[in-house]
Amino acid sequence: MARNKIALVGAGNIGGTLALLAGLKDLGDITLFDIAEGMPQGKALDIAQASPVEGFDAVLKGTNDYADLKGADVVIVTAGVPRKPGMSRDDLVGINTKVMRAVGAGIKANCPDAFVICITNPLDVMVGVLRDAAGLPYEKVVGMAGVLDSARFRYFLAEEFKVSVEDVNAFVLGGHGDTMVPLVRYSAVAGIPVPDLIKMGWSTQEKIDQIVQRTRDGGAEIVGLLKTGSAFYAPASSAIQMAESYLKDKKRVLPCAAYVKGAYGLDGLYVGVPVVIGAKGVERIVEIELNADEQKMFENSVGAVKALVEIVKNMDATAG
Ligand SMILES: NC(=O)C1=CN([C@@H]2O[C@H](COP(=O)(O)OP(=O)(O)OC[C@H]3O[C@@H](n4cnc5c(N)ncnc54)[C@H](O)[C@@H]3O)[C@@H](O)[C@H]2O)C=CC1
Ligand SMILES: O=C([O-])CC(=O)C(=O)O
């Protein structure tokens, strides 16, 4: 059987990490695309030279030509600009909208059958712009954020409870911004809900509230430490988990920015909700019940995403 082909559009911090992880996990052949000349070629060669040591067989190619996306089964998009300290993700909307349109056109022309995972920020809005530019079916274009936000939440909870990260389940819904909604009620250790663990004296409501806030600020915490860019190891791991679920038809239930029409009372918007990812792409939107508080927070987050969608529309109107 021929190997799958993974195309990475954007070969920067996340793109390079994605290429290494895809190799280590034997996901297939890897093409690294970037507009910077030489850089994707250099990273591809470097990772190829790690393959004999790590023991994986993959064709690694670096390129500046969209035609090399032909035949890609999965495309992961990180092209664009990351934020620096003092900026919000939303400040990237102008510059990254232009990049998403160029990338979408490249995907449309070369690999319209691929499953596309967008990572570029501001995520929920960028995945919509990318989808529209690529013209792919909605279920084949999805955004990565919820897996990352939930991983941060899980990590902080595991630290607090002094248990393995593997035994902590948690969900973060909504847009990938300051309004994201870490769902305490749906978070659990080996099936024991966090509210029960508080009753059992494992933690306090106050500490859990602090963890919720640290999760919301998770990206900014790393931007503040790195100073020159944003997180890239955990974002790359998160997108690879989504790609693997598609390629292996694992049907993982993962929080992703998916196109929601009907569920959650939404009328067609990309926003973070739990979905099932399998061979058909986003195979199902999982509509969980939200209590009044959770619903209010979710609506607030949806409102923030919609406001940014309007900004993109206004940019277009102004540009004529
Ligand atoms: N969704 C999420 O949870 C997360 C999203 N991000 C976002 O991911 C994006 C990438 O982050 P990094 O890899 O750290 O940035 P980076 O700056 O290291 O890499 C971005 C790459 O995109 C390339 N690029 C720029 N314009 C391009 C174009 N038109 N076509 C192709 N390539 C182009 C640049 O040359 C650069 O190599 C940023 O927008 C960042 O905010 C970062 C972390 C988490
Ligand atoms: O904070 C940022 O700009 C990058 C990002 O989205 C994250 O790490 O969650």
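I began with helix α7, residues 205-216: at 1.5 Å a residue, its 12 residues should span 16 Å, and its end C-alpha atoms lie 17 Å apart, which agrees. I then listed the buried residues of α7 and found I208, I211, V212, T215 and R216. These residues cover an arc of only 140 degrees around the axis, which puts them on the same side of α7. In an α-helix there are 3.6 residues a turn, so residues three or four places apart point the same way. I next looked up what covers the buried residues of α7; the cover includes α5 (146-161), β7 (168-173), β8 (181-189), α6 (194-199), α8 (218-226) and α10 (292-319).

**Confidence**

I note that this is a predicted model. The protein chain averages a pLDDT of 97, and 100% of the residues score at least 70. For the complex, the predictor gives an ipTM of 0.99 and a pTM of 0.98.

**One "binding site" annotation**

I consulted the unreviewed UniProt entry, where a "binding site" annotation covers G10, A11, G12, N13, I14, G15, D34, N96, I119, T120 and N121. The lining of the largest pocket includes G10, A11, G12, N13, I14, G15, D34, N96, I119, T120 and N121.

I looked at two of the glycines in turn. G12 is found in the loop between β1 (5-9) and α1 (13-24). G12 is partly exposed, with a relative accessible area of 27%. Not counting residues up to four places away in sequence, G12 touches D34, M39 and K43.

G15, by contrast, is found in helix α1 and is buried, with a relative accessible area of 0%. With residues up to four places away in sequence again left out, G15 touches L8, G10, L32 and T78.

**A further "binding site" annotation**

I found that the unreviewed UniProt entry also carries a "binding site" annotation covering R83, R89, N121 and R152. The lining of the largest pocket includes R83, R89, N121 and R152.

I located N121 in the loop between β5 (115-118) and α4 (123-134). N121 has 19% relative accessibility and counts as buried, the cut-off being under 20%. Leaving aside neighbours within four places in sequence, N121 is in contact with R89, L92, N96, M126 and H176.

I placed R152 in helix α5, an element that is also among those covering the buried residues of α7. R152 is buried, with a relative accessible area of 9%. Not counting residues up to four places away in sequence, R152 touches R89, T215, G218, G219, I222 and A231. One of these, T215, is a buried residue of α7.

Definitions and conventions:
Residues are numbered from 1 along each chain as its sequence is written. Chains are lettered from A and ligands numbered from 1 in the order in which they are written. This is a predicted model: local features need pLDDT of at least 70, side-chain atom pairs count only at pLDDT 80 or more; totals for chains, interfaces and linings use all residues. Side-chain values use heavy atoms; hydrogens and water are left out. Helices (H or I, at least four residues) and strands (E, at least two) are DSSP runs, numbered from the N terminus. The expected span of a helix is 1.5 Å times one less than its number of residues. Buried means under 20% relative accessible area, exposed over 50%, partly exposed in between (1.4 Å probe, protein chains only). The arc is that of the directions from the helix axis to the C-beta atoms. Contact means heavy atoms within 4.5 Å. UniProt positions are given in the numbering used here, feature names are shortened, and annotations may be inferred rather than shown by experiment. On a 1 Å grid over the protein atoms alone, a cavity is a set of points where a 1.4 Å probe fits but cannot get out, and a pocket is an open set with protein on both sides within 12 Å along at least five of seven lines; lining residues have an atom within 4 Å of a point. pLDDT is the predictor's confidence in each residue, from 0 to 100.
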